[in-house]
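Hello,

Here is the structure you asked for. Please look through it first; my notes follow below.

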Amino acid sequence: MAPLALVVLVAASCGGGGKGRVAKPRPPARPILERVSDLAAGVPRGHRITLRAHPGGRVLARLGSKTEFGSPQTLSVAFRKGRWLAVRSSTLGNEQLGWVDARSARLHLLRRPLSLEVDLSRMELRVHEGDGIARRISVAIGAPDTPTPPGEFFVTDKLPGAEFGSYYGCCILALSGRQPDLPRGWSGGDRLAIHGSPAATWGHAVSNGCLHADEADLRYLMRIVPLGTRVVVHA
């Protein structure tokens with residue numbers, strides 16, 4: 001007598017009417033592109049990550065675990081597709097995103113339910129927490145010749161103003177965005193930031209692109225805003 005396994009094999013291959021055919025396995029579902037607004041990604045200490053033009057694509061930049069100012073590298077996440085994350089970075093300019101394999105890079109994923117909104121027409125910064133506005137802050141914005149660029153940025157560093165000059169006030173929240181319209185002869189760099197001012201400039205369009213705020217408001221932001229917090233600037 002034939003072994004049972006052989007009988008089953010013959011029946012499956014020779015059975016009439018197509019009965020007993022094994023269904024072909026379905027291909028794995030393609031990852032869905034998801035927009036993200038409340039997530040940041042921290043680079044582990046001592047690690048380096050690679051940012052690509054698209055998942056598995058050409059290399060755009062490589063980043064270490066510290067920013068140029070020495071803060072922990074914490075990137076804002078814009079999209080998620082399977083294990084790949086599209087992140088914002090100050091190295092990529094104001095509009096380009098870089099894709100990173102979160103699994104192989106061993107990124108720390110961090111929730112960021114708080115966000116900042118800058119309304120240039122009202123010269124106002126709004127702190128969003130949950131479904132409400134936690135605080136409204138009057139700010140100075142870029143002058144007509146050096147307007148603050150709109151876009152989606154994030155907080156990269158929180159720095160003491162005194163280490164960079166008294167004209168920055170008590171505190172600096174550096175942003176990932178860059179100013180494309182610098183005044184001629186300016187040597188202070190092109191990074192956008194929220195910082196203080198020697199005079200009460202808030203409510204006026206007078207800066208080189210940065211946002212100026214009162215010291216009490218700056219200290220509040222320094223206390224509650226973590227690195228990687230999303231900042232949306234619009235007209």
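Which residue in S6 is the bridge partner of Arg 80? It is Leu 85. Please keep in mind that this is a predicted model.

Strand S5 covers residues 74-81 and runs antiparallel to S6, with four bridges joining the two. Together S5 and S6 make a hairpin that has two residues between the strands. Gly 82 lies in the turn and has a positive phi of about 60°. On strand S6 (residues 84-87), Trp 84 and Ala 86 point one way, while Leu 85 and Val 87 point the other way. All four of these residues are buried. S6 also pairs with strand S7 (residues 98-101), again in the antiparallel sense and over four bridges. In that pairing, Trp 84 stands opposite Asp 101 of S7.

Now the cysteines. The model has one disulfide, formed by Cys 170 and Cys 171, with sulfur atoms 2.3 Å apart. The torsion about their S-S bond is about -100°, so this disulfide is left-handed. Cys 170 and Cys 171 are both buried. Cys 210 is in no disulfide; the nearest cysteine sulfur belongs to Cys 171 and is 14 Å away. Cys 210 has a relative accessibility of 16%, so it counts as buried too.

Last, the confidence. The chain averages a pLDDT of 91, and 91% of the residues score at least 70. Over residues 1-16, however, the pLDDT is below 50. Beyond near neighbours in sequence, that stretch has three contacts in the model.

Regards

Technical notes
Residues numbered from 1 in each chain as written. Predicted model: local features only at pLDDT ≥ 70, side-chain atom pairs only at ≥ 80, totals over all residues. Heavy atoms only, no water. pLDDT = per-residue confidence, 0-100. Contact = heavy atoms within 4.5 Å. Disulfide = S-S within 2.5 Å. Buried < 20%, exposed > 50% of the residue type's maximum accessible area, 1.4 Å probe, protein only. Pairing = 2+ DSSP bridges.
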